Amino acid sequence: MTEAAALPGQPRGGVVSGRATARAYCVLAPNPSAMTLDGTNTWIVAEPDSGLAVVIDPGPLDEGHLRAVIDTAERAGQRVALTLLTHGHPDHADGAARFAELTGSSVRALDPALRLGDEGLEAGDVITTGGLELRVVPTPGHTADSLSFHLPADGAVLTGDTILGRGTTVVAHPDGRLGDYLDSLRRLRSLTVDDGVSTVLPGHGPVLNDAQGAVEFYLAHRAHRLAQVETAVEAGHRTPAEVVASVYADVDRSLWPAAELSVRAQLDYLDEHGLI
Ligand SMILES: [Zn+2]
């Protein structure tokens, strides 16, 4: 779920299904839109030479896509043993129940309502399916239930909608909160600085090979927008819609409803911090 589909200086390359790292393979779902960029990236992650795969975000309820994911894994000699969700937005999670039915795998997510099977998913959990190591990183802010998955063997992190391959993400007020989101970006930055993460495998858009640069860009962008919102309020713009029209004038109008969610989150943040 994007707030600005592309920003000056960002790569505009398209996304194709295919191998991104030694352990991660992308199958692009056929749901492109202003909000989902090229469509949802469904990730198949497996240890090389293992017969077991983990799928992250089956995507929308699209039978052809779900079967394509299974076929792709099978061609690599893998059976889908586990399904994980980065968060509950429908473009990531709507296909999960059907996918679990087709694969016989359980679905693990932070939100209990999205789980199928006995196991949840929490901060600090480590997934070890088929010898793979995936560490669960809490990254609330886009939504309250957003998670990222650290894949240490490939120096990569799967970020769902917390960092996108292009543009910037929505802080989906009121569930998403800006203070949480900034903390999550800092958590991801420490993965890039302290834990050798160099690659972002996002939920939409192309793979990013400068993870630290991407996180710094997102932090700078949020600070810039926040200052703009503060200025707009000081200039007398009061309602979220007025602030959007002032601050997001450079963004396609089809994205303004999403931008308004982010503005509401920013107004909350400024209010809570006594800045307006
Ligand atoms: Zn989302």
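How much accessible surface does the protein have, and what share of it belongs to carbon and sulfur atoms? The accessible surface comes to about 11000 Å², and 50% of it belongs to carbon and sulfur atoms; accessible areas come from the Shrake-Rupley method with a 1.4 Å probe, and for residues only the protein chains shown count as cover. The model is a predicted one, in which local features need pLDDT of at least 70 and side-chain atom pairs count only at pLDDT 80 or more, while totals for chains, interfaces and linings use all residues. Residues are numbered from 1 along each chain as its sequence is written, and side-chain values use heavy atoms, with hydrogens and water left out.

A view of the whole chain comes first. The protein has seven helices and 13 strands, taken as DSSP runs numbered from the N terminus (helices H or I, at least four residues; strands E, at least two). Its radius of gyration is 18 Å, close to the 19 Å that the globule rule gives for 276 residues, so the protein is as compact as a globular protein of that length. This radius is taken over C-alpha atoms, and the rule is 2.2 Å times the number of residues to the power 0.38. Along its principal axes, the C-alpha trace spans about 60 × 40 × 35 Å. Of the 276 residues, 54% are buried (under 20% relative accessible area, with exposed over 50% and partly exposed in between; 1.4 Å probe, protein chains only). Among contacts with a separation of 6 or more, 65% join residues 24 or more positions apart, a contact being heavy atoms within 4.5 Å.

Next comes the metal site. The zinc ion has as protein donors His87 (NE2), His89 (ND1), His142 (NE2) and Asp161 (OD), lying 2.2 Å from it. Donors are N, O and S atoms within 2.8 Å of the metal (3.2 Å for Na, K and Ca); water is not among the atoms, so sites may look incomplete. In sequence, the donor residues follow the spacing H-x1-H-x52-H-x18-D. Histidine 89 lies in the loop between strand E6 (79-84) and helix H2 (90-93), and histidine 142 in the loop between strand E9 (134-138) and strand E10 (147-151), so the pair ties together parts that are 53 residues apart in sequence. Both histidine 89 and histidine 142 are buried.

Two further buried positions can be visited in turn. Glutamine 78 lies in the loop between helix H1 (63-75) and E6, and is buried with a relative accessible area of 13%. Leaving aside neighbours within four places in sequence, glutamine 78 is in contact with Ile44, Ala46, Ser50, Gly51, Ala53 and Ala73. Valine 107, in strand E7 (residues 106-108), is buried with a relative accessible area of 0%. Not counting residues up to four places away in sequence, valine 107 touches Thr83, Leu85, Ala96, Ala100, Leu114, Arg115, Leu116 and Glu119.

Helix H5 (residues 211-234) has 24 residues, which at 1.5 Å a residue should span 34 Å; its end C-alpha atoms are 35 Å apart, which agrees. The expected span is 1.5 Å times one less than the number of residues. Buried residues of H5 include Ala211, Ala214, Val215, Tyr218 and Leu219. After H5 comes glycine 236, whose phi is positive, near 105°.

Histidine 173 sits in the loop between strand E12 (168-169) and helix H4 (178-194). Not counting residues up to four places away in sequence, histidine 173 touches Leu261, Arg264, Ala265 and Asp268.
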